[in-house]
Amino acid sequence: MDMDKLVSLCKRRGFLFQSSEIYGGFNGFWDYGPLGVELKRNVKEAWWHDMVSGHDELSQLPGAPSTFDMAGLDCTIIMHPQVWKCSGHYDLFHDFMVDCKESKKRYRFDQLYVVRLEVTPKFSTNPEISKRAEFGEYWTTLAATPDEQKADVYKRAGGKLSIRSKNVDEAFKISDVKKLPDLLKQGVTLADVIGPDVNGAGSLTEPREFNLMFKTIVGALGGDDDAAFLRPETAQGIFVNFKNVIDSSRVKVPVGIAQIGKSFRNEITPRNFTFRSREFEQMEIEFFCKPESSQAWYTYWRNRRYQWYLDLGLPRERLQLREHHAEELSHYSTGTADIEYAFPFLPAGEFGELEGVAHRGDFDLRSHMEGKLNPETRPLQVELGPDGKPKHRGSGKDLSYYDDQAKERFIPHVIEPSAGADRATLAFLCEAYHEDTAPDENGKPQERVVLKLHPRLAPIKAAVLPLVKKDGMPEAAQKIYRALKKQFNAFYDDGGAVGRRYRRQDEIGTPYCITVDGQTLTDGTVTVRDRDSLKQWRIKADDCPAEITKLVKGE
Ligand code: ATP
């Protein structure tokens with residue numbers, strides 16, 4: 001699938017716009033248009049319904065209660081600064097970046113690809129480029145796929161080569177593609193590396209740490225003591241409210257507390273459409289359970305969350321559940337799995353994270369009780385500063401749980417399924433995009449773009465179309481439209497040939513079109529057209545709300 005086509009459809013039909021576009025856009029920030037906001041809301045509502053409000057799952061885990069509670073929460077974006085000190089984000093939430101002294105740009109170290117450029121001497125009229133190729137200099141690029149990398153490096157060097165386009169492959173080869181950190185591990189130094197926006201080697205600085213939290217000031221005085229942070233994840237709001245939820249509702253451990261909300265990360269190189277943004281939404285669950293059953297719950301959540309994406313239309317061949325290797329795990333975690341999707345902008349065979357499911361042990365609750373724990377020690381110990389005192393003190397509050405049936409007190413272990421609403425929305429959009437043909441009103445095949453979104457996710461569930469704009473058809477169609485609107489998002493369209501109107505709906509993923517024609521006026525029936533199978537059948541106009549609701553729910 002060509003990503004450019006999806007990006008242009010998203011803009012043309014009002015799914016996604018660049019933030020502050022009239023001012024040239026703002027890198028890493030995206031706005032959802034009229035259809036995009038409906039799609040993303042449907043993703044979040046499907047998650048909330050399936051995980052929280054409609055939750056009626058039986059765990060079927062040996063030794064665990066067969067039912068369990070799920071509760072919701074909505075916390076603030078700005079929290080007490082101590083939250084981030086105890087969570088570890090203040091000290092540890094950073095990426096490595098490299099600066100370019102020449103272009104003055106900043107890049108994420110692990111996202112720079114390097115390629116070796118080979119120039120066939122007889123084609124090069126530029127001795128400078130040939131020399132670089134001969135001395136083995138590496139060009140870095142931000143492009144992800146080999147073709148884009150080639151195009152990028154070619155653009156930067158190729159303009160100076162006298163080659164006819166048919167000879168490009170012969171004249172100009174790139175090889176040895178790898179990520180910059182891997183190259184440096186082989187002993188190559190940055191002095192031989194050409195930055196992504198310049199044409200000479202040696203301008204990149206050594207990698208440095210960069211904290212990803214956005215800083216802000218709370219209060220009028222604005223001193224350093226008033227610094228606060230925009231949350232980089234919604235999870236911490238759940239941990240610090242664990243006791244409040246337990247004490248105020250009748251839920252018992254095992255219990256999941258869920259939250260959907262904005263998170264902010266000052267990503268060094270936001271890219272790939274909304275995949276890596278600086279402002280995004282997360283859908284997170286912290287599932288609190290007994291330590292001895294935590295491993296079983298981990299497996300349970302990992303599988304359940306994977307199944308959720310399958311149920312909403314991502315196919316198994318492009319969706320993988322990847323267990324982290326032992327060396328990838330944090331010391332406090334006994335298991336982490338990523339649910340990953342083969343986004344079309346990634347090189348073939350590579351997957352991008354949609355959701356992480358992590359076994360976090362009692363790390364978070366204990367840190368907020370006792371003070372920041374050292375994630376490198378086992379057993380975990382409170383981290384001490386140079387003065388021998390706790391580096392970041394915890395709340396001192398007792399966040400343990402008393403199980404009144406077993407008559408025991410313990411600090412619950414936590415399983416965290418942490419998903420991104422924007423990444424899920426993007427994956428559903430990528431998967432939905434199809435180009436095929438559908439017959440027009442005269443039965444002639446016409447090319448169409450169709451978003452095959454799951455009906456639950458589709459921004460508009462049904463469009464009502466009078467065949468012609470006369471003979472009472474618009475009035476009959478309007479009546480159906482108003483009845484549908486009471487149940488779900490519907491659309492009325494009487495402009496242009498009906499085939500064209502079908503295609504306009506196909507392009508935005510509307511699963512059902514209801515057409516009012518001459519027969520409607522005599523026998524009260526309408527045609528329903530299915531977006532994917534193109535099948536058409538007649539139902540009673542009065543039955544439309546109930547019938548379409550059933551179809552959307554898959555009943
Ligand atoms: P990555 O390695 O891609 O930066 P991460 O492992 O840091 O992601 P988590 O901290 O596990 O991500 O966050 C949980 C989820 O939040 C991710 O799986 C993803 O869906 C979403 N997410 C994280 N960072 C971003 C971002 N910059 N833009 C959009 N979504 C994000």
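A: The lining of the second largest pocket has 15 nonpolar, 6 polar and 7 charged residues (Ala, Val, Leu, Ile, Met, Phe, Trp, Tyr, Cys and Pro are nonpolar; Asp, Glu, Lys and Arg charged; the others, Gly included, polar). The model is predicted, so local features need pLDDT of at least 70 and side-chain atom pairs 80 or more, while totals for chains, interfaces and linings use all residues. Residues are numbered from 1 along each chain as its sequence is written, and side-chain values use heavy atoms, without hydrogens or water.

The volume of this pocket is about 550 Å³ (an open set of 1 Å grid points where a 1.4 Å probe fits, with protein on both sides within 12 Å along at least five of seven lines; lining residues have an atom within 4 Å of a point; volume is the space filled by probe spheres on the points). Among the 28 residues that line the second largest pocket, M3, D4, V7, N272 and F273 are the closest to its centre. Helix α1 gives the largest share of the lining, 6 residues. Both α1 (3–12) and β1 (16–18) supply at least two lining residues each (DSSP runs: helices H or I, at least four residues; strands E, at least two).

The second largest pocket lies between domain 1 (3–93 + 213–427) and domain 2 (95–210), because both give residues to its lining. The domain assignment also gives domain 3 (441–553), with bounds from an automatic or database source. Between the C-alpha centres of domain 1 and domain 3 there are 39 Å. At their meeting, 14 residues of domain 1 touch 14 residues of domain 3 (heavy atoms within 4.5 Å).

Strand β4 (residues 94–99) is joined to β10 by 4 bridges, and D95 stands opposite F210 in β10.

The other sheet has 5 strands, in the order β24-β23-β25-β26-β27, with mixed pairing. Here β24 (490–492) and β27 (536–540) are the edge strands. Strands β25 (residues 512–516) and β26 (residues 525–530) pair antiparallel over 4 bridges, with Y512 opposite D530 in β26. Across β23 (462–466), β24, β25, β26 and β27 lies helix α15 (residues 498–508), which runs at about 170° to β23.

Key: Pairing = 2+ DSSP bridges. Axes fitted to C-alpha atoms, helices over the stretch in contact; angles between N-to-C directions.
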